[in-house]
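Student: Can we go through this chain together? I'd like to start with the overall layout and then zoom in.

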Amino acid sequence: MQVWHAGMEEWTSACNIPEIRDVLQSEHVPPPYYSGGVQQYAYGNRQNEYIPPIPDDYKTSNIILIIFGFCCCSFCIPGSVLAIISYIKSNDMKTMHALGNYEMMAMKAAEMRKFHKWAIWADVVLMVLGAIAMVLWILFIFGSFVHITSQLD
């Protein structure tokens, strides 16, 4: 790129002018920490510390599991209780992240994922068992109706 300013005799390449040479260099400066976390400027010994990202908290799916269990499927209330525990663990995980206790945050995240998976499996298993119980109940009622009506003749 050619540049000129007052006091120069002719146009010259921008990389030949020391005042702007550093700005125009196309060197890629790598970030000080690997991607995924952020850099924190804190007091004391924690300056330029790597902060890991907060894991997914599954709050939306926990809320859906809680509503589904309490409102839509009475068989799935145990799954809703497990989803509530997972929701609470996600808040604990965020608290540990805010306090800078990243090892404890990782443990709380693992507990939260465990309870979330248990809530999903409890809902699925209890839905299937509830459907089987419903079918058996319908068959029992239908069988009782047939038995009673056959004795009326």
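This is a predicted model: local features need pLDDT of at least 70, side-chain atom pairs count only at pLDDT 80 or more; totals for chains, interfaces and linings use all residues.

Student: OK. How many helices and strands are there in the chain?

Tutor: The chain has four helices and four strands. Starting at the N terminus, the order is β-β-α-β-β-α-α-α.

Student: How much of the chain is buried?

Tutor: Buried residues are 26% of the 153 residues.

Student: And what share of the contacts links residues 24 or more positions apart?

Tutor: Take the contacts with a separation of 6 or more. Residues 24 or more positions apart account for 48% of them.

Student: Now the helices. At what angle do H2 and H3 pack?

Tutor: About 155°, with the axes 8 Å apart. H2 covers residues 59-72, and H3 covers residues 77-99.

Student: So are they parallel or antiparallel?

Tutor: Roughly antiparallel. The cut-off is an angle over 145 degrees, and the angle here is about 155°.

Student: What's the handedness of the crossing?

Tutor: H2 passes H3 in a left-handed crossing.

Student: Which residues meet there?

Tutor: On the H2 side, they include Lys59, Ile63, Leu65, Ile66 and Phe70. On the H3 side, Ile77, Ala83, Ile84, Tyr87 and Ser90 are among them. By class, the contact of H2 with H3 has eight nonpolar, six polar and two charged residues.

Student: Next pair. How do H3 and H4 pack?

Tutor: Their angle is about 165°, and their axes are 8 Å apart. That makes H3 roughly antiparallel to H4. H4 spans residues 102-150.

Student: Which way does that crossing go, left-handed or right-handed?

Tutor: The crossing of H3 and H4 is left-handed. Its contact has 16 nonpolar, six polar and five charged residues.

Student: What does its side chain reach?

Tutor: The side chain of serine 90 reaches the backbone oxygen of tyrosine 87, at 2.6 Å.

Student: What about partners further along the sequence?

Tutor: Leave aside the neighbours within four places in sequence. Serine 90 is then in contact with Asp57, Lys59 and Met112.

Student: Changing topic. Where is proline 55?

Tutor: Proline 55 is in the loop between strand S4 and H2. S4 is residues 49-51.

Student: How accessible is proline 55?

Tutor: Proline 55 has 24% relative accessibility, so it counts as partly exposed.

Student: What does proline 55 touch?

Tutor: Skipping neighbours within four places in sequence, proline 55 is in contact with Met93, Met105, Ala109 and Arg113.

Student: How far is its C-alpha atom from that of alanine 110?

Tutor: 9.6 Å separates the two C-alpha atoms. Along the chain, proline 55 and alanine 110 are 55 residues apart.

Student: Which accessibility class does tyrosine 58 fall in?

Tutor: Partly exposed, because its relative accessibility is 28%.

Notes:
Residues are numbered from 1 along each chain as its sequence is written. Side-chain values use heavy atoms; hydrogens and water are left out. Axes are lines fitted to C-alpha atoms, for helices over the stretch in contact, and angles run from 0 to 180 degrees between N-to-C directions. Helices (H or I, at least four residues) and strands (E, at least two) are DSSP runs, numbered from the N terminus. Angles under 35 degrees count as roughly parallel, over 145 as roughly antiparallel, 65 to 115 as roughly perpendicular and the rest as oblique. A crossing is left-handed if the near helix is turned anticlockwise from the far one by less than a right angle, and right-handed if clockwise. Contact means heavy atoms within 4.5 Å. Ala, Val, Leu, Ile, Met, Phe, Trp, Tyr, Cys and Pro count as nonpolar, Asp, Glu, Lys and Arg as charged, and the others, Gly among them, as polar. A polar contact is a pair of N or O atoms within 3.5 Å; within protein, one must be able to donate a hydrogen and the other to accept it, and residues adjacent in sequence count only if both atoms are side-chain atoms. Buried means under 20% relative accessible area, exposed over 50%, partly exposed in between (1.4 Å probe, protein chains only).
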